[in-house]
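Trainee: Could you walk me through the strands, the salt bridges and the pocket of this model, giving the cut-offs as we go?

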Amino acid sequence: MSEVIEVLLPHDQEQMHGVVRFDGTIVEFLGFNEVRSVRIHIHEIDSAELSTKKGMLSQPHIMFRGHWTGGAYNHVIDPPDELVPELEELVAAINKTVGAA
């Protein structure tokens, strides 16, 4: 995959703005009021999953299951409803690439 998928996630609080980016090899999370960006190489990922559930016990997030530890990494996001299809496309591209790797 050579197409870069980048989703800008605005937030009511400016410091919580973030970008999720996938270039075919690296998934990056930039912003989200984090001091450092998070980068995950495609060879560290078994699968990716998007959850948009909001409630008392759940927050929207993208979860990556990894074969390197058997564990998972969750990155909390707060996407506006109109950007959910773009995030679904990004997660589908990651899963397609993982399947091909």
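Trainee: In what order do the three strands of the open sheet lie?

Mentor: Before the order, note that this is a predicted model, in which local features need pLDDT of at least 70 and side-chain atom pairs count only at pLDDT 80 or more, while totals for chains, interfaces and linings use all residues. Residues are numbered from 1 along each chain as its sequence is written, and side-chain values use heavy atoms, with hydrogens and water left out. Strands here are DSSP runs (E, at least two residues; helices are H or I, at least four), numbered from the N terminus, and two strands pair if DSSP finds at least two bridges between them. With antiparallel pairing, the three strands form an open sheet in the order E5-E6-E7.

Trainee: Which residue of E7 is the bridge partner of Arg-65?

Mentor: Strand E6 (residues 61–65) pairs with E5 in the antiparallel sense over five bridges, where Glu-49 has Met-63 as its bridge partner and Ser-47 stands opposite Arg-65. E6 is also joined to E7 by five bridges, again running antiparallel. On that side, the bridge partner of Arg-65 in E7 is Ala-72.

Trainee: How many of the five residues of E6 are buried?

Mentor: Buried means under 20% relative accessible area, exposed means over 50%, and partly exposed lies in between, all with a 1.4 Å probe and protein chains only. E6 is largely enclosed by the rest of the structure, because its buried residues number four of the five.

Trainee: Turning to the hairpins, which residue takes a positive phi in the hairpin of E3 and E4?

Mentor: Strand E2 (residues 18–22) and strand E3 (residues 26–31) pair in the antiparallel sense over five bridges, with Val-20 bridged to Phe-29, and in their hairpin, which has three residues between the strands, Gly-24 takes a positive phi near 100°. E3 is then joined by four bridges to strand E4 (residues 38–41), also antiparallel. In this hairpin of E3 and E4, which has six residues between the strands, the positive phi, near 60°, belongs to Phe-32.

Trainee: Which residues are linked in a network of salt bridges?

Mentor: A salt bridge is a side-chain nitrogen of Lys or Arg within 4 Å of a carboxyl oxygen of Asp or Glu, and by this rule there are four. Glu-28, buried at 12% relative accessibility, meets Arg-21 at 3.7 Å, N to O, and Arg-39 at 2.9 Å, N to O. The latter pair ties together parts that are eleven residues apart in sequence, because Arg-39 lies in strand E4 and Glu-28 in strand E3. The linked residues are Glu-6, Arg-21, Glu-28 and Arg-39.

Trainee: How far apart in sequence are the parts tied together by Lys-54 and Asp-78?

Mentor: The closest N and O atoms of the Lys-54 and Asp-78 salt bridge are 3.3 Å apart. Lys-54 lies in the loop between E5 and E6, and Asp-78 in the loop between E7 and helix H1 (84–100), so the parts that this pair ties together are apart in sequence by 24 residues.

Trainee: Which residues are the closest to the centre of the largest pocket?

Mentor: On a 1 Å grid over the protein atoms alone, a pocket is an open set of points where a 1.4 Å probe fits, with protein on both sides within 12 Å along at least five of seven lines, and lining residues have an atom within 4 Å of a point. The largest pocket holds about 190 Å³ of space, the volume being the space filled by probe spheres set on the points. Of the 13 residues that line the largest pocket, the closest to its centre are Met-16, Phe-32, Val-76, Ile-77 and Asp-78.
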